[in-house]
Amino acid sequence: MTTLYNTEKFKGIRTPFYLYDTNILRQTLSAINAETEKYGNYHVHYAVKANANLKVLSIINEYGLGIDCVSGGEIEQVLKAGFPANKIVFAGVGKSDWEIELALREEIFSFNVESIPELEVINEIAGSMGKKATVCFRINPNVGAHTHANITTGLADNKFGIAMADMEKVIRMAQEMQNVQFKGLHFHIGSQILEMDDFVALCNRINELQDQLEAAGINIEIINVGGGLGIDYSDPVGNPIPDFKSYFETYNKNLKLRPGQTVHFELGRAVVGQCGALITKVNYVKSNSLQTYANDKEAGVKNFVIVDAGMTDLIRPALYDAHHKTFNISSDEAMETYDVVGPICESSDVFDKDIQLNKTKRGDLIAMLSAGAYGEIMASQYNCRCLPLSYTTDEL
Ligand code: LLP
(Lines give C-alpha, C1' and ligand atoms only; values in the text may rest on other atoms or scores of the structure.)
Protein backbone atom coordinates (compact mmCIF):
# COMPACT_ATOMS: atom_id res chain seq x y z
CA MET A 1 0.00 0.00 0.00
CA THR A 2 1.35 3.41 -0.80
CA THR A 3 1.27 6.09 1.84
CA LEU A 4 0.35 8.60 -0.85
CA TYR A 5 -3.02 9.38 0.70
CA ASN A 6 -4.88 8.88 3.93
CA THR A 7 -7.93 7.09 2.55
CA GLU A 8 -9.84 7.69 5.80
CA LYS A 9 -10.36 11.24 4.54
CA PHE A 10 -12.09 9.98 1.41
CA LYS A 11 -14.83 8.12 3.33
CA GLY A 12 -18.30 9.04 2.12
CA ILE A 13 -17.08 10.97 -0.91
CA ARG A 14 -18.62 10.06 -4.25
CA THR A 15 -16.11 8.53 -6.63
CA PRO A 16 -14.54 9.07 -9.07
CA PHE A 17 -13.11 12.44 -8.15
CA TYR A 18 -10.07 14.52 -8.97
CA LEU A 19 -7.81 15.39 -6.08
CA TYR A 20 -5.47 18.36 -6.46
CA ASP A 21 -2.43 18.49 -4.21
CA THR A 22 -2.00 22.17 -3.43
CA ASN A 23 1.53 21.66 -2.07
CA ILE A 24 2.73 20.24 -5.38
CA LEU A 25 0.93 22.98 -7.30
CA ARG A 26 2.48 25.69 -5.13
CA GLN A 27 5.96 24.15 -5.35
CA THR A 28 5.61 24.00 -9.14
CA LEU A 29 4.53 27.63 -9.37
CA SER A 30 7.36 28.74 -7.07
CA ALA A 31 9.84 26.83 -9.23
CA ILE A 32 8.54 28.56 -12.36
CA ASN A 33 8.79 32.00 -10.80
CA ALA A 34 12.27 31.30 -9.39
CA GLU A 35 13.51 30.44 -12.89
CA THR A 36 11.78 33.20 -14.86
CA GLU A 37 12.88 35.87 -12.38
CA LYS A 38 16.46 35.18 -13.49
CA TYR A 39 15.73 36.58 -16.92
CA GLY A 40 13.48 39.60 -16.25
CA ASN A 41 11.74 39.64 -19.63
CA TYR A 42 10.18 36.13 -19.47
CA HIS A 43 6.40 35.92 -18.95
CA VAL A 44 4.50 32.68 -18.42
CA HIS A 45 0.86 32.51 -19.51
CA TYR A 46 -0.75 29.41 -18.02
CA ALA A 47 -2.51 27.46 -20.81
CA VAL A 48 -5.91 27.11 -19.20
CA LYS A 49 -6.94 24.38 -21.64
CA ALA A 50 -4.96 21.99 -19.41
CA ASN A 51 -7.19 22.57 -16.39
CA ALA A 52 -9.83 25.24 -15.80
CA ASN A 53 -10.86 24.16 -12.30
CA LEU A 54 -11.59 27.36 -10.34
CA LYS A 55 -9.79 26.15 -7.21
CA VAL A 56 -6.67 25.41 -9.26
CA LEU A 57 -6.95 28.68 -11.18
CA SER A 58 -7.19 30.78 -8.06
CA ILE A 59 -3.91 29.33 -6.75
CA ILE A 60 -2.18 29.91 -10.09
CA ASN A 61 -3.42 33.49 -10.03
CA GLU A 62 -1.76 34.04 -6.63
CA TYR A 63 1.60 33.49 -8.32
CA GLY A 64 1.04 36.23 -10.88
CA LEU A 65 1.06 34.13 -14.05
CA GLY A 66 -0.69 35.36 -17.18
CA ILE A 67 -3.14 33.22 -19.13
CA ASP A 68 -3.36 31.58 -22.55
CA CYS A 69 -6.97 31.07 -23.69
CA VAL A 70 -8.36 29.33 -26.76
CA SER A 71 -12.05 30.13 -26.43
CA GLY A 72 -14.50 32.70 -25.14
CA GLY A 73 -15.52 30.23 -22.46
CA GLU A 74 -11.96 30.08 -21.20
CA ILE A 75 -11.75 33.88 -21.15
CA GLU A 76 -14.93 34.02 -19.06
CA GLN A 77 -13.64 31.33 -16.72
CA VAL A 78 -10.29 33.03 -16.02
CA LEU A 79 -11.95 36.40 -15.48
CA LYS A 80 -14.21 34.67 -12.96
CA ALA A 81 -11.10 33.28 -11.27
CA GLY A 82 -9.75 36.82 -10.94
CA PHE A 83 -7.03 36.93 -13.59
CA PRO A 84 -6.45 40.40 -15.05
CA ALA A 85 -7.63 40.66 -18.66
CA ASN A 86 -4.45 42.44 -19.69
CA LYS A 87 -2.44 39.24 -19.11
CA ILE A 88 -4.58 37.11 -21.44
CA VAL A 89 -3.34 35.92 -24.81
CA PHE A 90 -6.07 34.51 -27.02
CA ALA A 91 -5.15 31.81 -29.53
CA GLY A 92 -7.19 29.43 -31.65
CA VAL A 93 -7.57 28.63 -35.29
CA GLY A 94 -11.33 29.32 -35.45
CA LYS A 95 -12.30 32.23 -33.23
CA SER A 96 -16.02 33.12 -33.42
CA ASP A 97 -17.19 36.71 -33.68
CA TRP A 98 -18.61 36.78 -30.14
CA GLU A 99 -15.27 35.53 -28.80
CA ILE A 100 -13.40 38.27 -30.62
CA GLU A 101 -15.89 40.85 -29.32
CA LEU A 102 -15.49 39.56 -25.76
CA ALA A 103 -11.70 39.72 -25.99
CA LEU A 104 -11.81 43.27 -27.38
CA ARG A 105 -14.31 44.43 -24.78
CA GLU A 106 -12.14 43.06 -21.98
CA GLU A 107 -8.98 44.54 -23.57
CA ILE A 108 -6.88 41.41 -23.44
CA PHE A 109 -3.09 41.51 -23.91
CA SER A 110 -3.03 40.12 -27.46
CA PHE A 111 -4.65 37.92 -30.08
CA ASN A 112 -2.59 35.12 -31.55
CA VAL A 113 -3.87 35.29 -35.11
CA GLU A 114 -3.74 32.18 -37.25
CA SER A 115 -4.82 33.32 -40.74
CA ILE A 116 -5.42 36.32 -43.03
CA PRO A 117 -9.23 35.89 -42.97
CA GLU A 118 -9.12 35.95 -39.17
CA LEU A 119 -6.97 39.10 -39.21
CA GLU A 120 -9.52 40.78 -41.48
CA VAL A 121 -12.41 39.87 -39.18
CA ILE A 122 -10.57 41.11 -36.07
CA ASN A 123 -9.80 44.40 -37.86
CA GLU A 124 -13.43 44.80 -38.86
CA ILE A 125 -14.92 43.96 -35.44
CA ALA A 126 -12.35 46.14 -33.63
CA GLY A 127 -13.28 49.02 -35.98
CA SER A 128 -16.97 48.64 -35.24
CA MET A 129 -16.24 48.70 -31.49
CA GLY A 130 -13.84 51.64 -31.67
CA LYS A 131 -11.00 49.46 -30.39
CA LYS A 132 -7.50 48.63 -31.55
CA ALA A 133 -6.53 44.95 -31.30
CA THR A 134 -2.98 43.94 -30.43
CA VAL A 135 -2.05 41.01 -32.65
CA CYS A 136 0.74 38.47 -32.86
CA PHE A 137 0.89 36.02 -35.73
CA ARG A 138 1.05 32.33 -35.11
CA ILE A 139 3.73 31.02 -37.39
CA ASN A 140 3.90 27.40 -38.35
CA PRO A 141 7.64 26.84 -37.91
CA ASN A 142 7.57 23.39 -39.49
CA VAL A 143 9.48 21.96 -36.54
CA GLY A 144 8.57 18.44 -35.44
CA ALA A 145 8.58 17.38 -31.80
CA HIS A 146 9.36 13.97 -30.36
CA THR A 147 5.93 13.31 -28.95
CA HIS A 148 2.63 11.62 -29.82
CA ALA A 149 1.45 12.41 -33.38
CA ASN A 150 -1.91 13.72 -32.09
CA ILE A 151 -0.21 16.40 -30.01
CA THR A 152 2.38 17.64 -32.53
CA THR A 153 1.25 21.00 -33.81
CA GLY A 154 4.17 22.72 -35.52
CA LEU A 155 4.48 20.76 -38.76
CA ALA A 156 3.57 22.28 -42.14
CA ASP A 157 0.60 19.95 -42.64
CA ASN A 158 -1.01 20.73 -39.26
CA LYS A 159 -3.98 23.09 -39.38
CA PHE A 160 -2.31 25.63 -37.11
CA GLY A 161 -0.72 28.96 -37.94
CA ILE A 162 0.54 30.81 -40.99
CA ALA A 163 3.39 29.46 -43.14
CA MET A 164 6.86 30.98 -42.55
CA ALA A 165 6.99 31.95 -46.23
CA ASP A 166 3.86 34.16 -45.98
CA MET A 167 4.98 35.98 -42.88
CA GLU A 168 6.28 39.19 -44.33
CA LYS A 169 3.21 39.68 -46.52
CA VAL A 170 0.85 39.18 -43.59
CA ILE A 171 2.74 41.60 -41.35
CA ARG A 172 2.62 44.23 -44.11
CA MET A 173 -1.14 43.72 -44.38
CA ALA A 174 -1.57 44.19 -40.63
CA GLN A 175 0.54 47.33 -40.68
CA GLU A 176 -1.82 48.83 -43.27
CA MET A 177 -4.92 48.07 -41.19
CA GLN A 178 -6.51 50.78 -39.02
CA ASN A 179 -7.75 48.72 -36.11
CA VAL A 180 -4.99 46.23 -35.40
CA GLN A 181 -1.54 46.75 -34.06
CA PHE A 182 1.06 44.14 -34.98
CA LYS A 183 3.32 43.36 -32.03
CA GLY A 184 4.89 39.96 -32.41
CA LEU A 185 5.16 36.32 -33.31
CA HIS A 186 3.67 33.21 -31.78
CA PHE A 187 4.80 29.59 -32.09
CA HIS A 188 3.91 26.23 -30.56
CA ILE A 189 5.47 22.96 -31.67
CA GLY A 190 3.62 20.38 -29.58
CA SER A 191 3.06 19.00 -26.13
CA GLN A 192 4.70 16.59 -23.65
CA ILE A 193 8.15 17.47 -25.01
CA LEU A 194 11.05 16.25 -22.88
CA GLU A 195 13.91 16.68 -25.35
CA MET A 196 15.33 20.17 -25.01
CA ASP A 197 16.72 19.84 -28.55
CA ASP A 198 13.18 20.24 -29.88
CA PHE A 199 13.04 23.68 -28.24
CA VAL A 200 16.53 24.44 -29.59
CA ALA A 201 15.21 23.68 -33.09
CA LEU A 202 12.35 26.12 -32.50
CA CYS A 203 14.79 28.81 -31.29
CA ASN A 204 16.86 28.34 -34.44
CA ARG A 205 13.78 28.80 -36.61
CA ILE A 206 12.77 31.93 -34.73
CA ASN A 207 16.29 33.33 -35.08
CA GLU A 208 16.20 32.77 -38.85
CA LEU A 209 12.82 34.41 -39.14
CA GLN A 210 13.86 37.37 -37.01
CA ASP A 211 16.93 37.98 -39.20
CA GLN A 212 14.72 37.90 -42.26
CA LEU A 213 12.16 40.30 -40.80
CA GLU A 214 14.83 42.62 -39.46
CA ALA A 215 16.38 42.85 -42.92
CA ALA A 216 12.94 43.86 -44.18
CA GLY A 217 12.75 46.61 -41.53
CA ILE A 218 10.08 44.90 -39.43
CA ASN A 219 10.24 45.26 -35.65
CA ILE A 220 9.10 42.57 -33.26
CA GLU A 221 8.27 43.31 -29.60
CA ILE A 222 6.74 40.03 -28.46
CA ILE A 223 8.05 36.52 -29.04
CA ASN A 224 5.61 33.90 -27.81
CA VAL A 225 7.18 30.44 -27.95
CA GLY A 226 4.07 28.52 -26.85
CA GLY A 227 4.21 25.70 -24.33
CA GLY A 228 4.94 22.02 -24.53
CA LEU A 229 7.26 21.17 -21.64
CA GLY A 230 6.53 17.61 -20.58
CA ILE A 231 6.23 15.91 -17.20
CA ASP A 232 7.49 12.59 -15.84
CA TYR A 233 4.50 10.26 -16.16
CA SER A 234 6.60 7.23 -15.22
CA ASP A 235 7.79 8.55 -11.85
CA PRO A 236 5.47 11.29 -10.61
CA VAL A 237 6.20 10.56 -6.97
CA GLY A 238 9.98 10.77 -7.34
CA ASN A 239 9.92 13.58 -9.87
CA PRO A 240 6.93 15.85 -9.27
CA ILE A 241 8.44 19.14 -10.46
CA PRO A 242 9.24 19.49 -14.18
CA ASP A 243 12.69 20.60 -15.27
CA PHE A 244 11.96 24.32 -15.57
CA LYS A 245 15.62 25.17 -15.09
CA SER A 246 16.73 23.41 -18.29
CA TYR A 247 13.66 24.61 -20.15
CA PHE A 248 14.17 28.33 -19.55
CA GLU A 249 17.96 28.01 -19.83
CA THR A 250 17.49 26.45 -23.28
CA TYR A 251 15.60 29.51 -24.45
CA ASN A 252 18.03 31.88 -22.78
CA LYS A 253 20.96 30.21 -24.49
CA ASN A 254 19.47 29.74 -27.94
CA LEU A 255 16.96 32.50 -28.62
CA LYS A 256 18.61 35.66 -29.94
CA LEU A 257 16.68 38.62 -28.63
CA ARG A 258 16.74 42.24 -29.76
CA PRO A 259 16.67 45.00 -27.14
CA GLY A 260 13.28 45.49 -25.50
CA GLN A 261 11.81 42.17 -26.62
CA THR A 262 9.77 40.11 -24.19
CA VAL A 263 9.48 36.32 -24.35
CA HIS A 264 6.13 34.72 -23.56
CA PHE A 265 5.51 31.08 -22.69
CA GLU A 266 2.23 29.16 -22.69
CA LEU A 267 2.79 26.29 -20.30
CA GLY A 268 -0.14 24.04 -19.44
CA ARG A 269 0.77 20.47 -18.59
CA ALA A 270 4.00 21.39 -16.78
CA VAL A 271 2.08 23.71 -14.43
CA VAL A 272 -0.75 21.41 -13.36
CA GLY A 273 0.01 17.87 -14.56
CA GLN A 274 1.61 16.47 -11.42
CA CYS A 275 -0.68 18.07 -8.85
CA GLY A 276 -3.76 16.10 -9.88
CA ALA A 277 -4.82 12.49 -9.29
CA LEU A 278 -7.97 10.69 -10.28
CA ILE A 279 -9.35 8.69 -7.37
CA THR A 280 -11.67 5.86 -8.33
CA LYS A 281 -13.29 2.92 -6.57
CA VAL A 282 -13.09 -0.73 -7.55
CA ASN A 283 -16.50 -2.06 -8.45
CA TYR A 284 -15.45 -5.56 -9.43
CA VAL A 285 -12.41 -7.78 -9.80
CA LYS A 286 -12.84 -10.57 -12.28
CA SER A 287 -10.67 -13.28 -13.80
CA ASN A 288 -11.29 -14.30 -17.37
CA SER A 289 -9.88 -17.55 -18.62
CA LEU A 290 -7.82 -17.12 -21.77
CA GLN A 291 -8.65 -20.67 -22.71
CA THR A 292 -10.41 -20.88 -26.08
CA TYR A 293 -10.37 -24.64 -26.38
CA ALA A 294 -11.11 -27.16 -23.67
CA ASN A 295 -7.70 -28.84 -24.05
CA ASP A 296 -5.70 -25.58 -23.88
CA LYS A 297 -4.54 -26.01 -20.29
CA GLU A 298 -1.68 -23.50 -20.52
CA ALA A 299 -3.79 -20.52 -21.49
CA GLY A 300 -3.97 -18.96 -18.02
CA VAL A 301 -6.25 -16.17 -16.84
CA LYS A 302 -6.49 -12.44 -17.15
CA ASN A 303 -7.39 -10.39 -14.09
CA PHE A 304 -9.46 -7.30 -14.58
CA VAL A 305 -9.96 -4.53 -12.09
CA ILE A 306 -13.16 -2.75 -13.07
CA VAL A 307 -13.25 0.74 -11.58
CA ASP A 308 -16.02 3.32 -11.43
CA ALA A 309 -14.01 5.85 -13.47
CA GLY A 310 -14.03 5.52 -17.21
CA MET A 311 -12.64 7.14 -20.32
CA THR A 312 -15.30 9.79 -19.71
CA ASP A 313 -13.35 10.91 -16.63
CA LEU A 314 -9.80 10.49 -17.97
CA ILE A 315 -9.59 10.05 -21.71
CA ARG A 316 -5.83 10.27 -22.16
CA PRO A 317 -5.11 6.50 -22.14
CA ALA A 318 -7.84 5.85 -24.75
CA LEU A 319 -6.96 8.83 -26.93
CA TYR A 320 -3.17 9.00 -26.76
CA ASP A 321 -2.19 5.61 -25.39
CA ALA A 322 -1.05 7.48 -22.28
CA HIS A 323 -0.03 5.71 -19.08
CA HIS A 324 -0.87 7.18 -15.71
CA LYS A 325 0.98 5.65 -12.79
CA THR A 326 -1.66 3.72 -10.88
CA PHE A 327 -1.73 2.60 -7.25
CA ASN A 328 -4.14 0.70 -5.05
CA ILE A 329 -4.21 3.05 -2.08
CA SER A 330 -6.34 0.72 0.05
CA SER A 331 -4.30 -2.49 -0.05
CA ASP A 332 -0.90 -3.61 1.18
CA GLU A 333 -1.20 -7.20 0.06
CA ALA A 334 1.24 -8.82 -2.39
CA MET A 335 1.50 -7.49 -5.93
CA GLU A 336 -0.57 -9.05 -8.69
CA THR A 337 -0.98 -8.33 -12.38
CA TYR A 338 -4.15 -6.65 -13.60
CA ASP A 339 -5.74 -4.81 -16.48
CA VAL A 340 -7.48 -1.72 -15.11
CA VAL A 341 -10.63 -0.92 -17.06
CA GLY A 342 -13.66 1.33 -16.81
CA PRO A 343 -17.40 0.71 -17.10
CA ILE A 344 -17.99 2.42 -20.47
CA CYS A 345 -19.35 0.42 -23.39
CA GLU A 346 -16.24 0.90 -25.55
CA SER A 347 -13.34 -1.50 -25.86
CA SER A 348 -10.96 1.48 -25.68
CA ASP A 349 -12.14 2.14 -22.13
CA VAL A 350 -8.95 0.66 -20.71
CA PHE A 351 -6.67 2.60 -18.36
CA ASP A 352 -3.75 0.21 -18.37
CA LYS A 353 -2.87 -3.40 -19.16
CA ASP A 354 -0.78 -5.90 -17.23
CA ILE A 355 0.19 -3.55 -14.43
CA GLN A 356 1.22 -4.47 -10.93
CA LEU A 357 -1.13 -3.53 -8.12
CA ASN A 358 -1.37 -4.69 -4.54
CA LYS A 359 -3.96 -7.48 -4.45
CA THR A 360 -7.19 -5.72 -5.19
CA LYS A 361 -10.75 -6.31 -4.05
CA ARG A 362 -14.15 -4.67 -4.48
CA GLY A 363 -14.35 -1.34 -2.65
CA ASP A 364 -10.61 -0.55 -2.79
CA LEU A 365 -9.59 2.93 -3.91
CA ILE A 366 -7.28 3.34 -6.89
CA ALA A 367 -5.27 6.51 -7.60
CA MET A 368 -4.14 7.44 -11.10
CA LEU A 369 -1.43 10.06 -10.86
CA SER A 370 -0.23 12.87 -13.15
CA ALA A 371 -3.85 13.56 -14.08
CA GLY A 372 -3.91 17.29 -13.33
CA ALA A 373 -3.48 18.30 -16.98
CA TYR A 374 -6.02 17.37 -19.66
CA GLY A 375 -7.87 15.18 -17.17
CA GLU A 376 -10.91 16.79 -15.57
CA ILE A 377 -11.20 19.37 -18.34
CA MET A 378 -11.56 16.66 -21.02
CA ALA A 379 -14.25 14.77 -19.13
CA SER A 380 -17.48 14.05 -20.97
CA GLN A 381 -20.94 12.76 -20.15
CA TYR A 382 -20.92 9.92 -22.67
CA ASN A 383 -23.19 7.09 -21.47
CA CYS A 384 -25.12 9.78 -19.50
CA ARG A 385 -22.50 9.70 -16.79
CA CYS A 386 -21.97 12.40 -14.17
CA LEU A 387 -18.91 14.60 -14.52
CA PRO A 388 -16.25 13.81 -11.92
CA LEU A 389 -16.14 15.94 -8.77
CA SER A 390 -12.97 17.66 -7.59
CA TYR A 391 -11.32 18.50 -4.27
CA THR A 392 -8.06 20.01 -3.18
CA THR A 393 -5.89 18.58 -0.42
CA ASP A 394 -6.76 21.73 1.57
CA GLU A 395 -10.39 20.61 1.60
CA LEU A 396 -9.86 16.94 2.47
N1 LLP B 1 -0.13 26.84 -26.58
C2 LLP B 1 -0.80 26.30 -27.61
C3 LLP B 1 -0.99 27.10 -28.82
C4 LLP B 1 -1.29 24.98 -27.53
O5 LLP B 1 -1.92 24.44 -28.55
C6 LLP B 1 -1.07 24.23 -26.33
C7 LLP B 1 -1.59 22.87 -26.20
C8 LLP B 1 -0.38 24.85 -25.27
C9 LLP B 1 0.08 26.15 -25.43
C10 LLP B 1 -0.11 24.15 -23.98
O11 LLP B 1 0.71 23.05 -24.18
P12 LLP B 1 1.33 22.25 -22.92
O13 LLP B 1 2.31 23.19 -22.21
O14 LLP B 1 0.23 21.86 -22.04
O15 LLP B 1 2.02 21.12 -23.55
N16 LLP B 1 -4.86 16.90 -24.61
C17 LLP B 1 -3.49 16.56 -24.91
C18 LLP B 1 -2.62 17.79 -25.05
C19 LLP B 1 -3.11 18.77 -26.09
C20 LLP B 1 -2.29 20.01 -26.14
C21 LLP B 1 -2.91 21.03 -27.02
N22 LLP B 1 -2.24 22.27 -27.09
C23 LLP B 1 -2.98 15.61 -23.82
O24 LLP B 1 -3.74 15.22 -22.95
O25 LLP B 1 -1.82 15.18 -23.85
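Student: In this predicted model, with which side chains does the side chain of D313 make a polar contact?

Tutor: D313 lies in the loop between strand 12 and helix 10 (316-320). In this predicted model, the side chain of D313 makes a polar contact with the side chain of T312, at 3.5 Å. A further polar contact, at 2.8 Å, joins the side chain of D313 to the side chain of R385.

Student: Is D313 buried or exposed?

Tutor: Leaving aside neighbours within four places in sequence, D313 is in contact with several residues, including P16, Y18, L278 and R385. The relative accessibility of D313 is 1%. Because the limit for a buried residue is under 20% relative accessible area, D313 counts as buried.

Student: Where is L290 found, and what is its relative accessible area?

Tutor: L290 is found in the loop between strand 11 (276-289) and strand 12 (301-307). Leaving aside its neighbours within four places in sequence, L290 is in contact with A299, G300, V301 and K302. L290 counts as partly exposed, because its value falls between the limits of 20% and 50%. The relative accessible area of L290 is 45%.

Student: How many Å apart in space are L290 and L213?

Tutor: In sequence, L290 and L213 are 77 residues apart. In space, taken from C-alpha to C-alpha, the distance between L290 and L213 is 64 Å.

Student: How many residues of domain 1 are in contact with domain 2?

Tutor: The protein is divided into domain 1 (22-273) and domain 2 (275-392). Taken over C-alpha atoms, the centres of domain 1 and domain 2 are separated by 35 Å. On the side of domain 2, 21 residues take part in the contact, and on the side of domain 1 the number is 21.

Student: From which domains does the shell around the ligand draw at least three residues?

Tutor: The ligand is surrounded by 18 residues, and the closest are S191, E266, R316, Y320 and Y374. By class, this shell has six nonpolar, six polar and six charged residues. At least three residues come from each of domain 1 and domain 2.

Student: What percentage of the ligand's area does the protein bury?

Tutor: A polar side-chain atom of S191 lies 2.3 Å from an oxygen atom of the ligand, and an N or O atom in the side chain of E266 is 2.7 Å from a nitrogen atom of the ligand. A polar backbone atom of R269 is 2.8 Å from an oxygen atom of the ligand. Taken alone, the ligand exposes 580 Å², and the share that the protein buries is 92%.

Technical notes
Residues numbered from 1 in each chain as written. Predicted model: local features only at pLDDT ≥ 70, side-chain atom pairs only at ≥ 80, totals over all residues. Heavy atoms only, no water. Near = heavy atom within 4 Å. Polar contact = N/O pair within 3.5 Å; in protein donor to acceptor, adjacent residues only side chain to side chain. Areas by Shrake-Rupley, 256 points an atom, 1.4 Å probe, with all protein chains shown as cover. Nonpolar A, V, L, I, M, F, W, Y, C, P; charged D, E, K, R; others polar. Domains from an automatic or database assignment. Helix = DSSP H or I, 4+ residues; strand = E, 2+ residues; numbered from the N terminus. Buried < 20%, exposed > 50% of the residue type's maximum accessible area, 1.4 Å probe, protein only. Contact = heavy atoms within 4.5 Å.
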